[in-house]
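Open your viewer and get ready to click along.

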Amino acid sequence: MTDVAASPADLASSSFFDAALAQLGPRGVTRDADLIDPWLTDWRGRFHGKAQAMASPATTAELSALVRLCAEHGVAIVPQGGNSGMVGGATPDESGEAVLLSLRRMNAIRELDVSGRKVTCEAGVILQTLHEAAEAQGLRFPLTLGGKGSATVGGLVSTNAGGTQVLRHGSMRALVLGLEAVLPDGQVLSMLTPLKKDNRGFDLKQLLIGSEGTLGIVTAATLRLVPAVAERLVIWAGVPTLHAARKLLLHCEDAVGEALEGFEVLPQASLEAVIDLQPATRAPLTEPHPWHVLIEVVADTAGAAGLAGRCEAMLASAFEAQLLDDAVVAMNESQAEAFWLIRESISAAERARGPAVQHDISVPVEAMPAFIEAAVPRLEADWPGTEAIAFGHLGDGNVHFHVIAPPGTDAAAWHRGDGKAISRQVHDLVTQWHGSISAEHGIGQLKRDELARLGDPVALDTMRRIKAALDPKGLLNPGKLI
Ligand SMILES: Cc1cc2nc3c(=O)[nH]c(=O)nc-3n(C[C@H](O)[C@H](O)[C@H](O)COP(=O)(O)OP(=O)(O)OC[C@H]3O[C@@H](n4cnc5c(N)ncnc54)[C@H](O)[C@@H]3O)c2cc1C
């Protein structure tokens with residue numbers, strides 16, 4: 001074990017550590033650098049921090065006691081789940097004064113209520129584990145994302161995560177029925193029991209959802225489950241323009257309604273990047289197309305009958321209306337998975353092409369095609385040699401907008417200079433189009449200054465006043481979000 005408590009600052013904090021050790025025991029708190037260090041860098045490797053200790057409470061009561069102790073000693077807390085966040089929200093600053101609070105030991109599924117179609121999970125339950133538990137009961141939790149093997153319920157709630165099923169089921173805000181959280185003074189806010197109708201004032205759970213660990217620490221959540229998928233059809237279509245893709249989306253919504261679960265777009269360049277990275281990948285269509293659309297239509301047992309026929313009719317009428325140039329329906333599950341794998345590999349494929357700045361943006365759904373058609377050539381013209389690529393959740397008005405550096409660029413220098421200026425320009429454009437600089441990843445430390453620069457002043461002031469009221473000492477996740 002390497003004890004990191006050697007400097008005067010560490011010695012000053014040792015009375016806090018001794019008290020925490022007495023409360024939580026040796027499994028609940030450590031200063032062993034070998035155990036802490038792997039958690040001090042964010043998933044993208046852009047932020048590195050330090051922590052005086054890592055606390056891993058096993059229960060809400062232990063966590064509440066720890067938070068009270070932190071409040072007494074003025075110790076900052078940085079909550080962390082699976083550390084799969086994209087904006088550095090779970091990485092402490094470099095002062096080494098904060099405690100890194102891992103929720104990973106609080107990983108019990110407290111209750112899975114099959115007839116009530118709901119599940120109560122502790123914050124540290126990993127998304128993949130939740131999927132498997134629901135599936136074992138003939139149900140499913142209808143939110144998935146690429147980081148599902150690491151992302152935890154607490155992190156998903158705290159970032160209001162999205163993913164590829166938001167079109168039908170909404171983001172976490174729509175799936176959280178109840179919440180339990182520890183407030184900055186250590187009190188436990190217990191609102192786990194879901195009520196369909198409840199008008200007793202503010203909806204405090206919605207205040208905590210998406211607050212990125214700055215207002216409270218989520219310890220458990222009651223989540224909505226839906227029936228398991230009985231049948232799904234995964235369709236790959238080639239379309240001439242994004243406007244055609246948008247019309248195709250409306251056409252699919254009209255044709256299959258609620259059964260439409262996913263509608264993702266990607267340009268030909270992204271498909272080629274995936275094939276370059278993984279040469280075994282087969283392009284779903286024989287010819288190249290300017291844009292590709294991945295469509296998923298699902299049905300539970302009640303709606304499964306006739307799904308294939310309805311999709312066939314939907315595609316035939318789309319061809320007739322010239323909304324698509326070509327389309328193929330996955331013949332089996334492994335082909336369906338192969339289609340989705342292409343979509344999920346885009347980020348890695350883009351990364352392999354060199355340094356890039358990534359933006360997770362939204363504009364009103366109907367404006368997205370025009371936005372991309374305006375923003376892509378504008379960025380490429382203003383920054384010669386760059387390539388701008390937009391792909392993702394067209395159905396939600398949310399795309400990942402990446403700008404790849406000119407070939408041969410030094411990554412660090414580019415990120416500090418042109419990369420930063422490009423991001424500002426993208427965010428300025430999004431703001432002009434009445435959009436959001438963070439559609440689903442949150443603000444964290446990556447976008448904190450941009451939010452301060454571009455956010456509505458009244459909204460920012462309201463957020464700061466709420467923060468000051470709940471956390472007057474500013475100890476919960478300092479330096480993040482606001
Ligand atoms: C390959 C990949 C694909 C992804 N795709 C998507 C996607 O499609 N859509 C999407 O929305 N996200 C996506 N993400 C991002 C990420 O998975 C989500 O942001 C997820 O919600 C983070 O969960 P986590 O447990 O890893 O949280 P962490 O990264 O540990 O923390 C995220 C934030 O939440 C806070 N936090 C964590 N736990 C708690 C808690 N219990 N109480 C209070 N605050 C807490 C942290 O302080 C931090 O601010 C992806 C990530 C990866 C790696």
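Contact here means heavy atoms within 4.5 Å. This is a predicted model, where local features need pLDDT of at least 70, side-chain atom pairs count only at pLDDT 80 or more, and totals for chains, interfaces and linings use all residues. Residues are numbered from 1 along each chain as its sequence is written, and side-chain values use heavy atoms, with hydrogens and water left out.

Select Phe 401 to begin. Leaving out residues up to four places away in sequence, Phe 401 touches, among others, Val 357, Ile 361, Phe 371, Leu 379, Ile 389 and Val 426.

Helices (H or I, at least four residues) and strands (E, at least two) are DSSP runs, numbered from the N terminus.

Next, select helix α16, residues 368-382. Which of its residues are buried? They are Met 368, Pro 369, Phe 371, Ile 372, Ala 375, Val 376 and Leu 379, where buried means under 20% relative accessible area, exposed over 50% and partly exposed in between (1.4 Å probe, protein chains only). Seen down the axis of α16, these buried residues fall within an arc of 145°, so they line one face of the helix; the arc is that of the directions from the helix axis to the C-beta atoms. Show what covers them, including α10, β16 (356-362) and α17 (411-432).

Key. The expected span of a helix is 1.5 Å times one less than its number of residues.
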